[in-house]
Amino acid sequence: MISLGDIRPHPPPQRPRKFENGDHADAFHNNSWWDGEIVQELMNGNYLFRFSSDYQWPKYVEFGVNELRLHRTWFHGHWIPPLEASEIAVEEVQREEEPTKETMEMEEYNERALVEVANGEDGSNRAWYAAIIVKPVGNKRYLIQYTTVRTDDNTGFFGKVMDTLHIRPRPPDIEVPDQFVMLDQVDAFYKGGWWKGVIIKVLSDDSKYHVYLATHEEMEFKHSELRLHQDWIDGKWTKPSPGVHL
């Protein structure tokens, strides 16, 4: 059971702002807001943030301005520090513009939606990684969190902002109960992502295959590490045309 002392209203909405070194701030990390301090503004416009918690590692992490907010404490029915005039105006405007059913439907992906995101490479050699939508951040961009790729220190999963050009729904499962066959176009699970390839050899035990990847590498995969390739085109999943290969 949660006590009333551990419950507070949602903090007031804040537009992206410029932070100063030493500002007391919160950073959105691992689906939660973490208390800390702005250490330095970086050349790319992001900020180096230091977590207050002694249990958080790494202690210093880079965040974009959309992943930060000024820290406030809820005390006796008031926010400390109090809202500035510009923030009160933002809060009033956002109340007037609370999302209706129509505006919510304009978002391509809802919070907690299961998706796949591209690795940023263009062309057929890109990989797709399983992720979850944390929240929309505007301009057809979303804060996502990977579900198969962990941080370098293995303490959690990466999160980043991605645009819709690099996001797609997770493809439907197409069961292949027996085995793949020669020249099947497949996705191979490798280094946490799905890479496009084609079956070039079925091994004798029928449970392993040689796959020629779009990266021009030939690798061996087990049946459980492969899925039939599908393309997301104009909002629909399509299978490659027969006879068309890498």
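1. In this predicted model, Leu226 is in contact with a number of residues beyond its neighbours within four places in sequence. These partners are Phe180, Val186, Asp187, Ala188, Trp194, Ile199, Tyr209, Val211 and Phe221.

2. Leu226 also belongs to the largest nonpolar core, a set of 22 residues. Together with Val117, Ile144, Ile167 and Val211, Leu226 touches the most other members of that core.

3. Which elements give two or more residues to this core? They are S8, strand S9 (127–138), strand S10 (141–150), S13, strand S14 (193–202) and strand S15 (208–213). The greatest contribution, four residues, comes from S9. The core draws on two domains, with at least three residues from domain 2 (113–169) and at least three from domain 3 (184–237).

4. The backbone deserves a remark at Arg112. Most residues other than glycine have a negative phi. Arg112, however, has a positive phi, near 75 degrees. This residue lies in the loop between helix H2 (101–106) and strand S8 (114–118). Arg112 counts as partly exposed because its relative accessibility is 49%, and a residue must be over 50% to count as exposed.

5. Leu183 likewise has a positive phi near 75 degrees, and is not a glycine. Where is Leu183 placed? Its position is in the loop between strand S12 (167–169) and strand S13 (185–190). With a relative accessible area of 43%, Leu183 is partly exposed.

Definitions and conventions
Residues are numbered from 1 along each chain as its sequence is written. This is a predicted model: local features need pLDDT of at least 70, side-chain atom pairs count only at pLDDT 80 or more; totals for chains, interfaces and linings use all residues. Side-chain values use heavy atoms; hydrogens and water are left out. Buried means under 20% relative accessible area, exposed over 50%, partly exposed in between (1.4 Å probe, protein chains only). A nonpolar core is a set of buried Ala, Val, Leu, Ile, Met, Phe, Trp, Tyr and Cys residues joined through side-chain atoms within 4.5 Å. Domain bounds come from an automatic or database domain assignment. Contact means heavy atoms within 4.5 Å.
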